[in-house]
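Thank you all for making the time this morning.

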Amino acid sequence: MDCNKAQLAMMEHMEKTIHPASAKELALHVLECEDCREYYIGFDMALEVLDDAELSVPPIDFTANVMEAVRKMPVHSKPIPMSMRIIWGLGAIFLGIALLFAFNPAWLTALTTASPAVYSAMAAMGSAQVYITEWLADLTAYFQGSEFAMVNVAIIFVAVVGALLVILQRSEKSTKA
């Protein structure tokens with residue numbers, strides 16, 4: 001018997017639904033495994049405390065009353081505004097593309113040389129294209145030279161998602177008011 005099965009068997013033991021063969025396996029396992037033995041002792045102590053405690057029984061209609069109270073709770077029927085959905089979608093797309101090109105600058109070069117339309121658009125942007133290409137090259141060099149590259153990416157990702165969550169939170173508050 002492994003430790004997971006032993007813990008499940010302990011639950012059955014507590015509920016007094018354990019099969020005698022399982023009880024025997026549990027006893028052997030608890031004798032051999034120190035972690036499960038400590039777990040069992042703690043479990044047994046908790047059962048003794050519960051047996052000694054006077055527990056109150058909820059009223060017969062407790063569940064029905066709780067469910068009725070839940071049904072009466074107000075439902076927030078206002079959906080998230082379409083503008084916020086668009087911002088979330090564009091933010092996710094932009095982040096994905098930025099990370100893709102940051103780690104694969106060769107793809108950006110291949111994209112600009114493979115498609116005349118993209119090449120023309122990038123050439124029309126002039127200095128912006130040069131700046132973006134240099135920035136991506138610097139970013140890639142930084143990430144590739146750092147042993148904490150994935151930590152940096154994770155921090156950037158968390159910051160962007162956090163900013164989007166703040167925007168979403170504020171928009172929900174403004175729609176409720």
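**Starting from His 29**

His 29 counts as buried, at 9% relative accessibility, where buried means under 20% relative accessible area, exposed means over 50%, and partly exposed is in between, with a 1.4 Å probe and protein chains only. Before I go on, please keep in mind that this is a predicted model, in which local features need pLDDT of at least 70 and side-chain atom pairs count only at pLDDT 80 or more, while totals for chains, interfaces and linings use all residues. Residues are numbered from 1 along each chain as its sequence is written, and side-chain values use heavy atoms, with hydrogens and water left out.

His 29 sits in helix α2; helices here are DSSP runs of H or I with at least four residues, strands are runs of E with at least two, and both are numbered from the N terminus. What does His 29 touch, not counting residues up to four places away in sequence? The list is Met 1, Asp 2, Cys 3, Ala 6 and Cys 36, with contact meaning heavy atoms within 4.5 Å. Also in helix α2 is Ala 27, which is partly exposed with a relative accessible area of 42%. The C-alpha atoms of Ala 27 and Ala 6 are separated by 9.1 Å, although these two residues are 21 apart along the chain.

**The helices around it**

Ala 6 brings us to α1, where Ala 6, Ala 9 and Met 10 are buried. These residues cover an arc of only 110 degrees around the axis, which puts them on the same side of α1; the arc is that of the directions from the helix axis to the C-beta atoms. The cover over the buried residues of α1 includes α2 and α3, whereas the face turned away from that buried side carries the exposed residues Asn 4, Lys 5, Leu 8 and Glu 15. As for length, the 13 residues of α1 should span 18 Å at 1.5 Å a residue, and its end C-alpha atoms are 19 Å apart, which agrees; the expected span is 1.5 Å times one less than the number of residues. Just after α1, Lys 16 takes a positive phi of about 60 degrees.

Side chains of opposite charge can pair when their charged atoms come close. Which residue forms a salt bridge with Glu 68? The partner is Arg 71, with the closest N and O atoms 3.1 Å apart, a salt bridge being a side-chain nitrogen of Lys or Arg within 4 Å of a carboxyl oxygen of Asp or Glu. By this rule the count comes to one salt bridge. Glu 68 and Arg 71 are separated by about one helical turn, being three residues apart in helix α4. Glu 68 is partly exposed at 36% relative accessibility, and Arg 71 is exposed, with a relative accessible area of 58%. Met 67 also lies in helix α4 (residues 62-72) and is partly exposed, with a relative accessible area of 40%.

**The chain as a whole**

Stepping back, the secondary structure of the protein chain comes to nine helices and zero strands. Buried residues make up 17% of the 177 residues. Among contacts between residues at least 6 apart in sequence, 59% join residues at least 24 apart.
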